[in-house]
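Subject: Structure for you to look at

Hello,

Here is the structure I promised to pass on. Please open it and keep it beside you as you read.

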Amino acid sequence: MTRLLEVSDLDVVYLGLTDEGNVRACADINFTLERGEILGIAGESASGKSTLLTAVTRLQQAPAVTPKGSVRFYDAGDSEGVDLIAADEKALRRYRWSDISIVMQSAMACLNPVTRLEAQFADALRAHDRSLNRAQIRQRTADLLAMVGIAPQAMGKFAHELSGGMRQRALIALALACDPDLIVMDEPTTAVDVVMQRQILNQILRLQHELGFAVLFVTHDLSLLLEMADRIAIMYGGRIVEIGQARQIADDPQHPYTRGLRNAFPSLTEPRRERHGIPRSPPDLRKLPAGCAFEPRCDESVAACAAVRPELLDIGPCLAACHVRAAERGVAPLPTARPA
Ligand code: ATP
Ligand code: MG
């Protein structure tokens, strides 16, 4: 496998406009993505998933800033890569759409309501290849729409004339227009009903097999991710607390939070069993504890957990940030309760 993306020590902070202070919505984020890989990100609401995607694609807006870290993107045959965090707008434009496509939650907000679909596809296709003539663009647009199961007649329509599911699929087709290496999707199916969700996701999977793009995909539906992703990262309180193969997250989750999340979702293959939510609420990012953010909700915690923040360590089956698991597996001793 060859590397496509490498996120290192990334922080994203929303600068506080009031005396409530700053929110460090993503902290010390590290992960990699290989070409053609599907990496899913899961976690409760406000754990920083959308913030991470917007920072990775440099779409974050004020008051969000990235005070530290890098997002290195490797174009085909480029072993150096380019840091998207440090890149200027001109350089970013080169990567957006042609190498990296983005499908965000609201298709209506992404499609231009006053332009026919055909014109939006023409813009995207021309940005990639200026030499295309009108007939070629029409043909290519029809092909792209066909890939997501939309008849070519829809080309002449405005976004508001399409159903929610069609808009979402049109947006996916638009994302594919430039044959990107990476598609970033934030809850691409929450705006549509369950049957349509399945259809759209199956289409994405089929296209991914056919075209080989990598996917970075956010949802809080863990069952969906287990089905779709190669690997899964679990976020809690702005940090990745576990990252591993989807199979491992499904069958042998390590972090107590992942175990809780896993128990809260129905399994697709196992018989129905009782499901339990995780008791108590997620942390307030403005008042994070010194140690593990999950400690107040964790039924396995020891004294050190509240005092010392666990690092994301290779504990064998996966990477996990948990003192108890690391000690259990002989990777690191339990720290003393007082931070050094
Ligand atoms: P959800 O599952 O609900 O979409 P999420 O995991 O995507 O949640 P984010 O939207 O990334 O979470 O939010 C992470 C944290 O950043 C939250 O505490 C949120 O309140 C805060 N946040 C998000 N956007 C802003 C903003 N524009 N200004 C200030 N804080 C923000
Ligand atoms: Mg979100």
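Below is what was found in it, starting with the whole protein and ending with single residues.

Please keep in mind that this is a predicted model.

**The whole protein**

The protein has 12 helices and 12 strands. Its C-alpha trace spans about 70 × 50 × 45 Å along the principal axes.

How much of the protein is buried? Of the 340 residues, 41% count as buried.

Now look at contacts between residues at least 6 apart in sequence. In 63% of them, the partners are at least 24 apart.

**Two helices side by side**

Next, find helix α6, residues 164-176, and helix α7, residues 194-211. Their axes lie 10 Å apart. The packing angle is about 15 degrees. Angles under 35 degrees count as roughly parallel, so α6 is roughly parallel to α7. The crossing of the two helices is right-handed.

Which residues make the contact? From α6 come G165, Q168, R169, I172 and L176. From α7 come M196, I200, I204 and L207. Six residues of this contact are nonpolar, two are polar and one is charged.

Most residues other than glycine have a negative phi, and most peptide bonds are trans. Now for the details.

- The peptide bond from A62 to P63 is cis, and its omega is near 10 degrees. P63 sits in the loop between α1 (49-56) and β4 (64-73).
- D9 is not a glycine, but its phi is positive, near 45 degrees. This residue belongs to strand β1, residues 3-14.
- D179 is not a glycine either, and its phi is positive at about 50 degrees. Look for D179 in the loop between α6 and β7 (182-186).

D179 has 13 other C-beta atoms within 10 Å, so D179 is partly exposed.

Best wishes

Notes
Residues numbered from 1 in each chain as written. Chains lettered and ligands numbered in written order. Predicted model: local features only at pLDDT ≥ 70, side-chain atom pairs only at ≥ 80, totals over all residues. Axes fitted to C-alpha atoms, helices over the stretch in contact; angles between N-to-C directions. Helix = DSSP H or I, 4+ residues; strand = E, 2+ residues; numbered from the N terminus. Parallel < 35°, antiparallel > 145°, perpendicular 65-115°, else oblique. Left-handed = near helix turned anticlockwise from the far one by under 90°. Contact = placed C-beta atoms within 7 Å. Nonpolar A, V, L, I, M, F, W, Y, C, P; charged D, E, K, R; others polar. Buried ≥ 20, exposed ≤ 12 C-beta atoms within 10 Å, placed from the backbone.
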